[in-house]
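Let me put the model up, and then I'll walk you through a few spots in it.

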Amino acid sequence: MSTICSALGRSFGRRPRPLFASLQAEASRAFSSTRRRRIMDTSGFTDDELVVHDGVGKVCARFPNSYWQERDASEKDPQEFHAALADAGWLGIALPPSLGGVGLGLSEATMMMQTIAESGAGMAGAQAIHANVYATQPLAKFGTHHQLRETIPDIISGRSRVCFGVTEPNAGLDTLRLTTAAHEVDGGYEISGQKVWITCAQVASKMILLARTRSLDEVPKPSEGLSLFCIDLDRRRPGLEMRRIRKMGGRAVDANEVFFDRYRVPSSALVGAKGAGFAVALAGINAERCLVAGEALGLGYAALERAAAYARERVVFGRPIGTNQGIAHPLADAYMRLEAAKLATYHAARLYDKAGGGREGSSEQSSSVAVGVAANSAKYLAAEAAFTACERALLTHGGMGYAAAFDVERWFRESLVPRLAPVSREMVLNYVGERVLKLPRSY
Ligand SMILES: Cc1cc2nc3c(=O)[nH]c(=O)nc-3n(C[C@H](O)[C@H](O)[C@H](O)COP(=O)(O)OP(=O)(O)OC[C@H]3O[C@@H](n4cnc5c(N)ncnc54)[C@H](O)[C@@H]3O)c2cc1C
């Protein structure tokens, strides 16, 4: 079946039960009859999550570590990987069946991202499709009929790729201070300003863009006057330039500075109400935290599994190095950290699903804070656990940990990403300090 998920979506309303049930049966046979390949404990996951783990894992298995090593070295986009996931229907995992999606939730999408990273693809594999999953959430919730019909099916099928344009060089984590402006002109808007660190902008044909439709000095609060747009990235038109950023890890996927100079977009590019862009974008922000947590977990489990295998096999002083507690204990400790972060991650994703996306301004206001706290905590804990696992995996390999052929150096470089983005460790701690502990704001 070329499109497992779209077949599910086409056949069965919101949650595609019957066919999914047969996939579940197939997966549970596979799980019970084969020796478990992964070190992660899979008890406690739902049947749907395990079906996703198995199905996405099968696609990923076609892309061995040698593929990712080569893409990392050549800095070439993993377009075959993106196409394979699209072809199997996985890019619409959390989008409605009426638009060609699978209609599952964020917890299954988190499992998908974890599985991708865990396969050896790491953050590069995850980032190649990351925005297609979370940046489409605000679009699916607030987009016009035309936007949904025009854009979402193309993203699901892989015909178009999307990137998310929020970060600006002069605002940084103080997102509400962003200054990229969308000036209303006849029939549309002119965009002027600069974005930075925009992943996949070189290969995307759409950008979900956060820009100001009223300047900071015109609004009573910085959260007002922001608007979300879904724009075409047409490099042949004037007013759009991109410059690729050389970076430490995840080199297969591009990261960019993007410059807009009176770049023209039609009025129909606006997503949701004008001026309500911050609330609209929030539908994607908590989702992204959960997905990144899943990606970090996958990276950590991959590195730890590799380290344990090496520690069993590598013989020094006449015995496997894993016999030494100086090797074994840090790895056992890293495993427990990952398992704890896994619980936090899937708790957050399920909470998000239960709260209907937990978006601010909805009737679920109280759960919106709970979702925010859980999603931020999950991102923090999973990122730290992944970093610990990747660093210890590298050290377990001794000098060989520094060689590209052993993969752990690639995963170690990539393990910095979930610590830095989409929100830093410090800002998560600030958020929990304020929202949970009711401590005074420090900035
Ligand atoms: C690989 C990668 C991919 C990315 N992809 C995208 C993308 O696709 N789209 C997008 O929009 N953005 C993207 N980003 C941007 C990312 O979200 C930002 O880099 C991140 O939010 C941090 O912002 P900044 O780099 O401006 O840090 P800054 O805001 O300059 O902060 C620098 C440091 O100061 C600390 N700091 C700042 N203020 C405080 C405070 N009040 N209290 C304590 N500490 C503080 C921060 O925690 C951080 O450690 C990406 C970044 C990376 C590295």
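Before anything else, burial: I call a residue buried if 20 or more other C-beta atoms lie within 10 Å of its own, exposed if 12 or fewer, and partly exposed in between, with C-beta atoms placed from the backbone. On that count, 50% of the 443 residues of the protein chain are buried. Keep in mind that this is a predicted model, where local features need pLDDT of at least 70, side-chain atom pairs count only at pLDDT 80 or more, and totals for chains, interfaces and linings use all residues. Numbering runs from 1 along each chain as its sequence is written.

The chain has 14 helices and 10 strands; those are DSSP runs numbered from the N terminus, H or I of at least four residues for helices, E of at least two for strands.

Now, the core. By nonpolar core I mean buried Ala, Val, Leu, Ile, Met, Phe, Trp, Tyr and Cys residues joined through C-beta atoms within 7 Å. The largest one has 130 residues, and Phe229 and Cys390 touch the most other members. Helix H9, residues 277–313, gives the most to this core, with 22 residues. So who does Cys390 contact, leaving aside neighbours within four places in sequence? Contact means C-beta atoms, placed from the backbone, within 7 Å, and the partners are Leu299, Gly300, Ala303, Val408, Trp411, Phe412 and Ser415.

Next, a helix pair. The axes of H4 (65–74) and H6 (106–134) come within 8 Å and cross at roughly 35°. Those axes are lines fitted to C-alpha atoms over the stretch in contact, with angles from 0 to 180 degrees between N-to-C directions. From H4, Asn65, Trp68, Arg71 and Asp72 meet Gly120, Ala121, Gly122, Ala124 and Gly125 of H6. By class, that's 3 nonpolar, 4 polar and 2 charged residues, counting Ala, Val, Leu, Ile, Met, Phe, Trp, Tyr, Cys and Pro as nonpolar, Asp, Glu, Lys and Arg as charged, and the others, Gly among them, as polar.

Last stop: Ala404, in the loop between H11 (365–396) and H12 (408–414). Ala404 and Ala73 are 331 residues apart in sequence, yet their C-alpha atoms are 9.3 Å apart.

Okay, that's my tour.

Methods. Contact = placed C-beta atoms within 7 Å.
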